[in-house]
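Biologist: Could you take me through the salt bridges of this structure, with a close look at where the partners sit and how exposed they are?

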Amino acid sequence: MAKILLVIVTLFISIISLSAQETGTSIQIPSIDVHSQIVNAPLSKALQTWDVSHLRNNVGHMEYTPWFGNNGNIVLGAHSVASDGSWDVFYELDGVAVGDEIIINDNGATYIYEVTETTTVGFEDTSIILSREGQTLTLITCDPASDNGSNFYSRRHVVFAVRKG
């Protein structure tokens, strides 16, 4: 019995480690001084959404969305506020403007995206993750001003960008 429990705990730790695994890819948003690693954000059946609990100071690539260099809508998310109330990676995402650049470094390849639109949507709006034509990038974070006091954020800041060149 103890051996089975040890195997289960080991598997659980491996899964947690894998979900926070770095991809060798980073994001820069010069206009708001962001530079962060991109890690995997797995889709969770239990949560019925992506598990972003491990993202502290990282940006998550939402599982099952395209990867850089491929057509479709690449979706990245990060926290604006950490669980302790401190600022996190995308705290100032609402400061990104149309025309700003987002730079992705993916294991030696560089992809540059230009912001085409910024908006704020309700937390249930899933249209922002729909596939788009060409190579697009969508950044999502919670709107810190929409916290109801219990760490529930009713709005999301969203940035849409297209690959340059």
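Modeller: What follows is a walk through the salt bridges and their surroundings. This is a predicted model, in which local features need pLDDT of at least 70 and side-chain atom pairs count only at pLDDT 80 or more, while totals for chains, interfaces and linings use all residues. Residues are numbered from 1 along each chain as its sequence is written, and side-chain values use heavy atoms, with hydrogens and water left out.

The structure holds three salt bridges, a salt bridge being a side-chain nitrogen of Lys or Arg within 4 Å of a carboxyl oxygen of Asp or Glu. Arg56, Asp84 and Asp88 form a network of them. Arg56 meets Asp84 at 3.8 Å, N to O; Asp84 lies in the loop between β6 (72–77) and β7 (101–106), and Arg56, 28 residues apart from it, in the loop between β4 (49–50) and β5 (59–62). Strands here are DSSP runs (E, at least two residues), numbered from the N terminus.

Arg56 also meets Asp88, at 3.6 Å, N to O, and because Asp88 lies in the loop between β6 and β7, this pair ties together parts that are 32 residues apart in sequence. By relative accessible area (buried under 20%, exposed over 50%, partly exposed in between, with a 1.4 Å probe and protein chains only), Asp88 is buried at 7%, whereas Asp84 is exposed at 57% and Arg56 is partly exposed at 37%.

Another salt bridge joins Glu101 and Lys164 at 2.6 Å, N to O; Glu101 lies in strand β7 and Lys164 in the segment after β10 (155–163), so parts 63 residues apart in sequence are tied together. Glu101 is partly exposed at 31%, and Lys164 is partly exposed at 36%.

Definitions and conventions:
Helix = DSSP H or I, 4+ residues; strand = E, 2+ residues; numbered from the N terminus.
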